Amino acid sequence: MARRPTATPPEASTAEPVKAPRRSGRPTSAKPPRPRAAKAAPPPPEAAPQPEPQPTPPPEPAAAAAPFGAEQREMLETLSLNLAKAAMTAQTAIAEAALSQADRPAALSPDPFNVGPAMNSVMTSLASRPDKLFAAQADLFNRYMDLWATTTRRAAGEEAAPPSKDKRFKDPAWSENPMFDVMRQSYLVTADWMNGLVSSVEDVDPRTKRRAEFFTKLLTDAFSPSNFLASNPAALKALAETNGESLVRGMQNFAADMERGQGKLKISQADYGRFEVGVNVATAPGQVVWRDDLFELLQYDPATPTQHEIPLLIFPPWINKFYVLDLQPENSMIRWLSAQGFTVFVCSWVNPDRDKAGYGFDDYLEKGIYRAVEKVLEQSGSKHVNTVGYCIGGTLMGAALAHMAAHKDDRVSATTFFAAQHDFAEAGDLLLFTDDHWLNEIEQQMDAAGGVLPGAAMAETFNALRANDLIWSFFVSNYLMGKAPPAFDLLFWNADQTRMPKALHMSYLRSMYGQNALTSGDFEIGGLNIDLSKVTIPLYFQASREDHIAPMNSVYRSARAFTNADVTLTLAGSGHIAGVVNPPSANKYQHWTNPALPATLGEWQAAAEEHPGSWWNHWAGWLHERSGAQVPARDPKAGPLPPLEPAPGSYVKVKS
């Protein structure tokens with residue numbers, strides 16, 4: 001039982017009952033008024049006791065005034081105080097947020113994602129087809145009739161349906177309690193009907209329709225009964241079991257997130273205080289062997305007495321920090337690669353500020369890719385290097401390979417792409433954020449920030465792509481349940497966002513997502529229009545089946561865009577991060593291989609072979625064959641480039 005607060009209202013049992021004011025006029029009942037115990041006089045001692053006319057004596061007034069014992073009263077008082085405290089905490093946080101936002105400029109647009117015109121097009125199309133609307137309404141009615149029939153049978157004793165596979169409704173009470181079961185099923189029926197109705201529109205531009213579908217899904221997800229205290233049985237149970245303390249903690253979490261977001265709600269996804277870069281994440285031993293204004297070059301300590309002659313240079317995305325490949329020792333790809341006998345280098349991009357606002361693709365090619373390759377060869381003494389490009393780092397690396405091929409530059413022997421796109425024709429829901437309206441909005445946002453995109457802006461976009469997993473699950477857990485965010489290294493990294501230079505980011509969005517210029521031959525970098533068909537070196541593509549940022553079909557199209565290269569493709573289980581960072585020791589997920597590269601991903605999958613666990617060993621086998629002979633292990637401290645400081649360096653520690 002929760003301890004009783006020190007400041008409590010007076011005991012209800014010590015106060016006199018409040019008398020209701022007497023109404024004027026004659027009584028409407030012929031019954032005589034009940035005697036009032038406080039004024040009843042005792043019978044004279046000489047009078048004989050009279051038998052009670054009623055077989056059961058009426059309850060004493062005192063019992064009616066205090067139906068609960070002291071323990072129950074204390075629990076109710078504690079609950080009442082906690083509810084008041086939770087309400088005050090939330091109100092204070094909202095008031096402080098309003099004050100902090102009062103002197104800031106208003107939002108650039110009330111509809112930054114241009115949803116209004118998309119929904120108007122869809123509704124206009126539906127209105128022009130009354131037969132479709134009538135059919136849809138009849139379908140909804142039939143669904144509810146089925147639900148009512150199921151509910152009736154349930155009330156008559158039929159067993160409850162098995163628990164839902166939907167993670168929002170995994171608590172048994174959603175199925176076992178008839179009221180919550182009806183609430184859940186009614187929501188699912190309505191949400192599915194709404195989303196299906198929008199998807200059924202046929203005479204609307206496909207991208208406009210997809211925007212309407214996407215935001216209808218966001219809307220229906222937001223209105224799930226699991227997101228509200230009064231309709232979430234798990235949250236109500238926690239509220240009752242803790243006498244309201246769970247809600248107090250939840251509102252304290254809410255207030256802390258409002259403060260962290262400086263007046264905007266910035267939902268915590270992890271216990272950020274449990275991790276520190278270079279202390280308990282990003283701890284693989286190594287040295288910074290080169291630093292300029294764009295990147296630090298990290299070389300990692302060898303883990304074997306000999307290493308392959310050709311070193312491995314990793315280019316991570318500049319949207320995120322590199323240490324997703326070096327979270328904990330047990331899931332560190334960098335440590336694992338070192339243990340396989342590779343000399344591992346990583347390009348740790350600077351977290352750009354206003355002074356880099358004008359940096360574009362040419363800068364990241366010449367001052368990034370080319371300079372890093374040059375310094376790795378100088379440090380290792382090798383004539384060739386193998387490279388890895390992850391996500392947008394892979395997009396840049398693909399363009400660089402075509403640029404190098406046009407100049408007969410053969411310093412890169414083989415390249416691996418993790419979740420990287422070059423053909424953006426089917427780049428998924430991120431295409432919804434790249435129409436002219438949204439690009440103008442984001443450009444104005446970057447101008448207001450001094451020429452860089454704040455890290456939080458990209459985080460919000462990525463979170464919206466998986467709202468139930470990355471927004472509402474934490475909303476429920478942190479605020480309704482009052483739980484502390486988990487100590488999860490991957491989510492800590494996910495929140496450690498970077499800024500992006502305006503010139504580079506706008507070029508990326510307009511050229512790649514807007515025009516698909518890299519595969520059409522219209523993308524210019526380093527003074528050349530890029531032709532991916534000129535690349536002839538071996539390439540290894542990794543895609544993930546559930547990737548929402550670089551969808552597997554988009555990666556597959558990208559692999560086929562290198563028409564004259566020797567391409568190997570592997571499909572991994574899970575998503576954009578967990579699909580990549582999946583060490584063999586974890587024994588998680590699965591992967592598929594197929595040496596052919598037919599016209600479509602569907603054909604590839606139909607003939608692919610499934611393997612349990614991580615794809616890393618398959619990739620390592622491919623890489624071993626293309627990394628040359630064994631040479632004595634290279635010590636980062638003993639190379640031509642003097643060590644500047646231990647890994648992970650300084651750039652990765654800069655916060656946005």
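This is a predicted model: local features need pLDDT of at least 70, side-chain atom pairs count only at pLDDT 80 or more; totals for chains, interfaces and linings use all residues.

User: What is the volume of the largest cavity?

Analyst: Rolling a probe the size of a water molecule over the atoms shows where empty space is left. The count comes to three cavities of 30 Å³ or more. The second largest cavity has a volume of about 80 Å³. For the largest cavity, the volume is about 220 Å³.

User: Which helix gives the largest share of the lining of the largest cavity?

Analyst: The largest cavity is lined by 21 residues, and Leu430, Met458, Tyr508, Leu509 and Tyr513 lie nearest its centre. Two or more lining residues come from each of helix 12 (392–406), helix 13 (436–448), helix 14 (455–465) and helix 17 (502–514). The largest share is four residues, and it comes from helix 17.

User: How many charged residues are in the lining of the second largest cavity?

Analyst: In the largest cavity, the lining has 16 nonpolar, five polar and no charged residues. The second largest cavity is lined by 13 residues, with Asn320, Lys321, Phe322, Ser348 and Trp349 nearest its centre. This second lining divides into eight nonpolar residues, four polar and, as charged residues, one.

User: Is leucine 219 buried, partly exposed or exposed?

Analyst: Leucine 219 is in helix 7 (residues 206–222). Together with Met194, Phe223 and Phe228, Leu219 forms a nonpolar patch on the surface, with about 380 Å² of accessible area together. Buried means under 20% relative accessible area and exposed over 50%. Leucine 219 has a relative accessible area of 42%, so this residue is partly exposed.

How values were computed
Residues are numbered from 1 along each chain as its sequence is written. Side-chain values use heavy atoms; hydrogens and water are left out. On a 1 Å grid over the protein atoms alone, a cavity is a set of points where a 1.4 Å probe fits but cannot get out, and a pocket is an open set with protein on both sides within 12 Å along at least five of seven lines; lining residues have an atom within 4 Å of a point. Grid points are joined across faces, edges and corners, and a volume is the space filled by probe spheres set on the points. Ala, Val, Leu, Ile, Met, Phe, Trp, Tyr, Cys and Pro count as nonpolar, Asp, Glu, Lys and Arg as charged, and the others, Gly among them, as polar. Patches are made of residues with over 30% relative accessible area and no salt bridge: like charges are joined within 9 Å, nonpolar side chains (Val, Leu, Ile, Met, Phe, Trp, Tyr) within 5 Å. Accessible areas come from the Shrake-Rupley method with a 1.4 Å probe; for residues, only the protein chains shown count as cover. A salt bridge is a side-chain nitrogen of Lys or Arg within 4 Å of a carboxyl oxygen of Asp or Glu. Buried means under 20% relative accessible area, exposed over 50%, partly exposed in between (1.4 Å probe, protein chains only).
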